[in-house]
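Please keep the sequence and the model in view while reading.

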Amino acid sequence: MSQVLEEVFDSILNGQQKLTVEKVSQALAEGIEPGAILNEGMVKAMAKVGQLFEEGEYFVPEMLIAARAMQSGLAVLKPRLVQANYQPIARVAAGTVKGDLHDIGKNLVCMMLEGASFEIIDLGTDVAPDKFVAAVTERGANVICMSALLTTTMPNMRNTLEALKAAGLREQVKVMVGGAPVTEGYAREIGADGYAPDASRAVALARSLVG
Ligand code: B12
């Protein structure tokens, strides 16, 4: 890994918000691809944070300040990941399911989809099934993206799919799911239209679902 990417990694791991912004900007100035900064510096740092949490070295406050540093770095990277294009392919409503506050992965998926000419309705976190339903009925979403990072909140993906069915909307909307504990098999089991393990494959999946 190049020196500056290592510094991006360390600054996130240590939760140094200002330094993360500085180092991401420096990496861009050095001509490093935004995708490499994201995947090799930033996403890897969050995986390490998760590992340290599992090992009992990090606690929630450390996770939180690392997440803040990650979000600040993402704000610098966003304009470079999202290239404005005015013909939306489809309207995507994206949210983290009810009970779940993790939004870094969901935000990344939104950014990448936006960069690939999808219109995004960001429903935020802790999104109840009826809010996803309302995004279809009131805002005309034709794709739904659900994210879950907790095994305890994954069942709310199934609950949302059931709410869409109950509202008679299931046939008119494509549903994609993702998040660290979610798998292809789980997506199939709950009757989602697709699963992707990361944001760039989420773009390919969305294209294939609406294409
Ligand atoms: C940062 C973090 C937090 C932050 C979140 C801040 C924020 N704004 O998001 C804070 C501190 C708030 C937090 C809180 C908690 N957390 Co937490 N957290 C994490 C951590 C370290 C990183 C998550 C992350 O951002 N990863 C980076 C992103 C880029 O990856 P991602 O989210 O997986 O997204 C990618 C893909 O999955 C995919 N994707 C994501 N969504 C979607 C959607 C679609 C449609 C598609 C196609 C693809 C897709 O694309 C993304 C980009 O490539 C993980 C560890 C880990 N390894 O995941 C734990 C982790 C998820 N947390 C965990 C826990 C236990 C908690 C708490 C319960 C802790 C507590 N005791 O309070 C609380 C729960 C709060 C709540 N109600 O949600 C556990 C979950 C265990 C489990 N199996 O359920 C983990 C795995 C840590 C661990 N190893 O134990 N957490």
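**The pocket and its ligand**

Helix α3 makes the greatest contribution to the lining of the largest pocket, supplying eleven residues. The model under discussion is a predicted one. The largest pocket has a volume of about 1,400 Å³, and the elements that give two or more residues to its lining are α3, α4, α5, β3, β4 and α9. In total, 48 residues line the largest pocket. Those nearest its centre are Met-46, Ile-104, Gly-105, Leu-149 and Ala-180. By class, the lining comprises 33 nonpolar, eleven polar and four charged residues.

The ligand sits in this largest pocket. Around the ligand there are 35 residues, of which Glu-54, Leu-101, His-102, Asp-103 and Ser-147 come nearest. At least two residues of this shell are supplied by each of α3 (34-54), α4 (60-81), α5 (104-115), β3 (143-147), β4 (174-178) and α9 (199-210). The shell consists of 22 nonpolar, nine polar and four charged residues.

Ser-147, one of the residues that come nearest to the ligand, places a polar side-chain atom 2.7 Å from a ligand nitrogen atom. Two further contacts involve the protein backbone. A backbone N or O atom of Ala-199 lies 3.1 Å from an oxygen atom of the ligand. For Ala-180, which is among the residues nearest the centre of the largest pocket, a backbone N or O atom lies 3.5 Å from a ligand oxygen atom.

Terms used
Residues numbered from 1 in each chain as written. Predicted model: local features only at pLDDT ≥ 70, side-chain atom pairs only at ≥ 80, totals over all residues. Heavy atoms only, no water. Near = heavy atom within 4 Å. Polar contact = N/O pair within 3.5 Å; in protein donor to acceptor, adjacent residues only side chain to side chain. 1 Å grid on protein atoms, 1.4 Å probe; cavity = no way out; pocket = protein on both sides within 12 Å on 5 of 7 lines; lining within 4 Å. Sits in = over half its atoms within 2 Å of the grid points. Helix = DSSP H or I, 4+ residues; strand = E, 2+ residues; numbered from the N terminus. Nonpolar A, V, L, I, M, F, W, Y, C, P; charged D, E, K, R; others polar. Points joined across faces, edges and corners; volume = space filled by probe spheres on them.
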